[in-house]
Amino acid sequence: MTRIVIIGGGPGGYEAALVAAQLGAQVTVVEQDGPGGACVLTDCVPSKTLIATSVRKQALLDAAALGVHYTGGPDGDAGSPVADMPLVNRRVKELAQAQSADIAARLAAEGVEVVRAPGRLVDPQVVRAGDRTIRADVVIVSTGATPRILPTAEPDGERILTWRQMYDLKELPEHLIVVGSGVTGAEFAGAYRSLGSEVTLVSSRDRMMPNEDADAAEVLEEVYRRRGMNVMGRSRAESVKRTADGVVVTLEDGRTAEGSHCLMTVGMVPNTAGIGLEEAGVTLDRGGFIQVDKVSRTSAPGVYAAGDCTGVLMLASVAAMQGRIAVWHALGEAVQPLRLATVASNIFTDPEIAAVGVAQKAIEAGEIEANVVKLPLATNARAKMQGFHDGFVKLFCRPHTGIILGGVVVAPRASELILAVSVAVQQRLTVDQLAHTFAVYPSLSGSVTEAARRLMQPMTPTGI
């Protein structure tokens with residue numbers, strides 16, 4: 001029986017463990033924080049739970065436009081929804097623990113051993129887990145990553161915070177300054193603005209989320225500004241200092257921004273230092289990320305890696321697939337190398353932004369030839385009924401064959417709507433095939449099939 005030891009119990013680790021156990025391997029997961037790792041306990045699951053709460057509150061704020069009003073407030077006022085942050089944060093933590101418990105139960109049901117201890121490589125076939133030494137035929141490293149800390153803005157857990165510390169706050173920040181306008185910064189900025197905080201978003205670039213679809217980022221920034229957020233573009237933060245009753249953020253050009261709290265979202269650092277990787281022959285890049293190939297192999301024989309510690313698209317879905325691929329390859333099963341061109345991603349802002357396949361900037365740069373169509377969500381019947389005005393569906397296809405190359409969806413629950421486009425990209429479907437697929441009327445998904453119809457090529461008449 002093949003013995004597999006996995007260091008790290010996040011999506012890359014526990015998904016690998018489940019596949020390995022089902023294929024008959026003896027599996028041990030070494031995880032010091034608990035099943036699910038940081039993804040479940042402190043990062044993805046808690047943040048998306050918080051965001052779900054903020055979206056619900058924003059819906060209440062927007063209800064008046066649909067004819068729904070509040071009555072019975074103090075002194076006869078209509079009243080307004082208020083976020084109870086102790087209750088919100090308690091629910092966030094409880095849900096994360098519940099998800100971790102579900103994962104633990106599933107691992108136990110499959111016969112996977114979980115060791116609650118820090119893990120490190122002694123050599124490619126030996127793992128040290130606390131005071132225990134475990135021999136392995138295959139090792140999978142899935143140790144994740146940690147929020148990057150700037151020496152000029154060190155978190156104190158009270159006023160200057162990483163996102164992992166936000167759930168310990170006893171009250172809603174009066175004025176939250178978010179430093180960093182990438183995906184994480186945009187998500188938290190939008191959530192806390194909807195929950196009721198005054199929010200300033202400090203972006204070092206011309207626009208929010210500079211690595212995402214430009215049209216999508218433009219829509220989101222417009223929504224944020226309309227909701228009262230202060231978005232500071234071309235404003236790189238130099239330092240963050242605590243004051244008597246808040247924080248002051250100093251920008252490189254000398255300007256300052258003052259608030260009650262500051263959230264730092266300036267990237268991630270891999271958890272690869274001090275766990276014996278280089279001593280075991282595992283190659284790291286200059287940023288400390290583990291170098292892997294398309295089947296998750298590292299430079300050390302029998303050692304694989306998955307997840308954020310590899311720096312390959314920091315998404316839970318990618319980590320899970322990397323872990324599964326590692327197991328399939330290690331156990332000699334049929335396996336397809338990781339195809340980044342088919343990875344679907346989602347930004348859990350309000351509205352959400354989902355994408356899969358090629359990006360428009362590659363098309364505009366002439367790297368890929370494609371036809372493009374973009375349908376505003378405001379023309380969709382279901383969107384009108386629900387009062388959704390912001391967003392769109394965008395599709396890309398090859399000019400002659402009509403094969404779908406990718407797409408972007410900006411809408412409520414875009415994370416669900418992108419699946420149809422993701423299937424089309426994965427299976428190399430054409431716009432004709434997608435256009436002839438029935439969509440419910442009225443539905444937001446109808447815009448996906450409508451976009452495909454707009455891209456259909458007229459048939460050229462032929463003689464008999």
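Analyst: Glycine 119 lies in strand E4, residues 119–123; strands (E, at least two residues) and helices (H or I, at least four) are DSSP runs numbered from the N terminus. The model is predicted: local features need pLDDT of at least 70, side-chain atom pairs count only at pLDDT 80 or more, and totals for chains, interfaces and linings use all residues. Residues are numbered from 1 along each chain as its sequence is written, and side-chain values use heavy atoms, with hydrogens and water left out.

User: Why is glycine 119 called buried?

Analyst: Buried means under 20% relative accessible area, exposed over 50%, and partly exposed in between (1.4 Å probe, protein chains only). Glycine 119 has a relative accessible area of 14%, so it counts as buried.

User: Which residues does glycine 119 contact, leaving aside its neighbours within four places in sequence?

Analyst: With contact taken as heavy atoms within 4.5 Å, glycine 119 touches Ile7, Val30, Arg128 and Ile275.

User: Why is lysine 48 described as partly exposed?

Analyst: The relative accessibility of lysine 48 is 22%, and therefore it is classed as partly exposed. Lysine 48 belongs to helix H3, residues 44–62, and it touches Glu187 and Phe348, not counting residues up to four places away in sequence.

User: What makes the pair of lysine 48 and serine 47 a polar contact?

Analyst: A polar contact is a pair of N or O atoms within 3.5 Å; within protein, one must be able to donate a hydrogen and the other to accept it, and residues adjacent in sequence count only if both atoms are side-chain atoms. The contact here joins the side chains of lysine 48 and serine 47 at 3.2 Å.

User: Where does UniProt place the feature "binding site", and how do you know that the residues do not all gather at one spot?

Analyst: The unreviewed UniProt entry places it at Lys48, Gly119 and Asp308. They span 261 residues in sequence and the farthest two C-alpha atoms are 28.3 Å apart, so they do not all gather at one spot.

User: What makes E13 and E15 edge strands?

Analyst: Two strands pair if DSSP finds at least two bridges between them. The open sheet has the order E13-E14-E15, with antiparallel pairing. Strand E13 (237–242) and strand E15 (256–259) each have a single partner strand, so one side of each lacks a neighbour in the sheet. Strand E14 (residues 247–251) is joined to E15 by four bridges, and threonine 250 has threonine 256 in E15 as its bridge partner.

Key
UniProt positions renumbered as here; feature names shortened; annotations may be inferred.
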